[in-house]
Amino acid sequence: MHAGNAAHHATTGTEHDRALTSVFAAYTATATIWLVFATAVGLLLAFKFGAPDFWAAKYLTFGRLRPIHTNATFYGWASIGLVGVAYYIAARSCGTRLYSTRLAWIGLALFNIAAIAGTVALDLGYNDGDLEYREWPWPIRLIFLAALLVTAWNLIGTALRRSTEDIYLSNWYTIAGVLWTCVIAIVGVLPWYQHGLGQVAISGFYMHNAVGMWFTPLALGAFYYAIPKILSRPIYSYALGVFAFWTNLLFYPLLGGHHFLFSPLPWWLQTTAIVFSVAMLVPVWGGSANYLLTMRGRYRDMIHSYPLMFIFVAVIGYLFGSTQGTVEAFRSMQAIWHFTNFTVGHSHLTMYGFVTFALWGAIYALLPLATGKTAGRFGLAAHFWMALVGSFIYVISLSIGGTVQGLDWVHGHPFIQSVVDMQPYYVWRGVGGMLMFLSHLVFGWNVWRMTSGQPGNAASPVLGPSAIGEVTA
Amino acid sequence: MKKLLMIAGGALGIYIVIVMLIAVLPAIDLSMTPAGPDVKPLTALQAEGRDVFVANGCSYCHTQQVRPLPEDKVFGRPSAPGDFAYQTPELLGSERTGPDLTNVGATKPSDVWQYIHLFDPRAVVPESIMPNFRFLFRVVDQLPPGETAVPIPAPFAPATGKVIPTQQAKALVAYLLSLKQTPIPGYTMNGGMGGVTTAAPAATTATASSASVPAGAYRFDAARGASLYAANCSACHQASGEGIPGAFPPLKGNAAVNDADPSLHIHTVLQGAHGVTIGGVKYTSVMPPFAGQLSDAQIADIINHERSSWGNQARPVMPAKVAAARAKSP
């Protein structure tokens, strides 16, 4: 018996089902509001690159809105959305009810209070040092930590009351991801060993671990549940998934220093970061191969399943984005791309092409199973294609522009030349960003239909076993 | 229970060990990095300015770290660990949408320039995409006692009234002007990727170029002169050579620039200037010295660009002449 078969579906009573459904729906709904808000701010920021005097007043100045955009994306959209998915997966794959619905609601309130307070604080100029992703004043980051602790408690409690013998792999990723992030949050907030260069070392650690030990494991956990669920077949190799889990843990935490190559940080710290950036190819390629091989022979089904298309894009985004990160970490590449918009393109390829698409895929695959309501096919198509084309334009324009910028500096042109040369790429970035933003409005409509709409807009996301290329029973 | 403990507890335990080794222990050690020679803590006003800098997110577009790479030489010597002893929060930054600010207090030492640039960056750098920070200024009809109006160029100035900086703007400019690298004698740290950075890279290039060119046939590199001028001079003197009225003197038609004897011109570029009267106008702005950052050949290229542009017609200057002037001054 394969305990990891995600199709395992114990019914635990309609009342508990309803509670789980409203938790999942509420996390998704507030996350969606944060996505629309964060990307509206992002679009305004993109516009400001071409019109710097537009809305340049105190509370709308670029430097205050920029961290609002990044933090709302991180802690509003991606964090809340992924935790909602993690709760649903935990209860379903453990064949039980949530340990505590009440704790889930408290967690949701804390996440949102932190994100709202953080946004207001940044706009008022209370920025904790422009340190990326930990700009919120420290009391607000403690609220976020409290939300994490509540979530960890609840997920572990749910796993403890499981009716299955094994703990399904998805829960390894989500539970460990929440626990790791508690450590990251504590390390980031404690002040007494962070002065000058010491703080630089923590910044490098923090900003990359917040991505790779938080969003990555939760998104991968969603993959391990959603892909087998849609295709009604087990994951290609459970062992490979376990291997990717432990290698990700051993390699990822060590690569944060590559944000500070050529900085005054000790050379050994920088070199360690480069070595482990390369080592990350092992879990990334191993994990990606596992997802793609689970989909083997079923690619034709993708045209019938937008949830699967979202997840497929996310897997490719994970594979390409992470591999690009490895290439970027080499000193010879950093000498050109560091400080340029290439990095902005990379962060959107990963946070958008991977994490955000993974979250959408998981929501489209699982929320209809919880609510019994689906979004219409037109809404799914409009969302998918606008987001995909928009992010392509966004990433490609900034990758080319960033390279031009870096070469301008290498060639010793006056600095302002790089500003002038970026202009057309900033315009294209705005075009891509506009499409992405419009797709988020459609996503909001889809979420509304999956939660408050009518049943029967489209078929269930579960495709059922296919005759084509099916080898396992 | 046992399984969960192994997975969750194991993953958490391993992670804590790695975090201690890669982040916490190095950070404890690095936090004790001693300050470099002459690196001093910020004054109260400068620290207040640093807070304005942070609140308005300046470091999302401006780094404060110079890498040991050739392309970073324009921003100063490579940053050393001791430079950051008093920099908490650290403001190294991760993007250069705008230039690095490590040494901006030395390269743009004029507070007048900083004020005009903050009020409207395009008043001094037409291609700039930095937002204006007009909210750090006040427009008044009558100058309060002790205040000086910022000489904003006409197209960018408010229709009526005088522009004066708020306390926040004053603090911010005090902070920006405090950003100056301190010399570290014999400091290289380049590991073969850059070159000598603290000593003026002067003598060798100058003799090489003057030796290879026969006397009387000297022609300066016009493209390089224009590029160096754009990088080092046009922020104040403007691409048009007309300067900013009341703030920065014009070079177009400037007596020293057109003088057959280039001594004053060379001396000014090498050593900078402060409080000079040009064409009957007294300028209070500070001009930085370029002797430390540019070679004799580069300075000759800039000077010759200025002597042959905007209708100026003066004889070109040989790099050897710059070398001689450099040798004479202390």
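Predicted model: local features only at pLDDT ≥ 70, side-chain atom pairs only at ≥ 80, totals over all residues.
Trainee: What makes up the secondary structure of chain A?

Mentor: Chain A has 14 helices and zero strands.

Trainee: How do you know that chain A agrees with a compact globule?

Mentor: Set the value against the rule. For 473 residues, a compact globule would have a radius of gyration near 23 Å, and chain A has 22 Å, so the two agree. The C-alpha trace spans about 65 × 45 × 40 Å along its principal axes.

Trainee: And how many of the residues of chain A count as buried?

Mentor: Of the 473 residues, 58% do. To be called buried, a residue needs 20 or more other C-beta atoms within 10 Å of its own. As for contacts in chain A between residues at least 6 apart in sequence, 86% join residues at least 24 apart.

Trainee: What do the predictor's scores say about the complex?

Mentor: The ipTM is 0.93 and the pTM is 0.91. Chain B averages a pLDDT of 89, and 89% of its residues score at least 70. Do keep one stretch in mind: over residues 189–216 of chain B, pLDDT stays under 50. For that stretch the model has 48 contacts beyond four places in sequence.

Trainee: How many residues of chain A are in contact with chain B?

Mentor: 62 residues of chain A are in contact with 62 residues of chain B. The elements giving two or more residues to the chain A side include α2 (62–93), α6 (197–231) and α14 (415–451) of chain A. Of the elements, α6(A) gives the most, with eight residues.

Trainee: Which classes of residue does that side of chain A have?

Mentor: It has 39 nonpolar, 16 polar and seven charged residues.

Trainee: Now to chain B: which residues of helix α10 are buried?

Mentor: In α10 (residues 263–271) of chain B, they are His265(B), Ile266(B), Val269(B) and Leu270(B).

Trainee: Why are they said to line one face of the helix?

Mentor: Seen down the axis of α10(B), the buried residues fall within an arc of 125°, so they line one face.

Trainee: What covers the buried residues of α10(B), and what follows the helix?

Mentor: The cover includes α9 (255–258), α11 (296–307) and α12 (319–328) of chain B. After α10(B) comes Gly272(B), with a positive phi near 80°.

Methods
Residues numbered from 1 in each chain as written. Chains lettered and ligands numbered in written order. Helix = DSSP H or I, 4+ residues; strand = E, 2+ residues; numbered from the N terminus. Rg over C-alpha atoms; globule rule 2.2 N^0.38 Å. Buried ≥ 20, exposed ≤ 12 C-beta atoms within 10 Å, placed from the backbone. Contact = placed C-beta atoms within 7 Å. pLDDT = per-residue confidence, 0-100. Nonpolar A, V, L, I, M, F, W, Y, C, P; charged D, E, K, R; others polar. Arc of directions from axis to C-beta.
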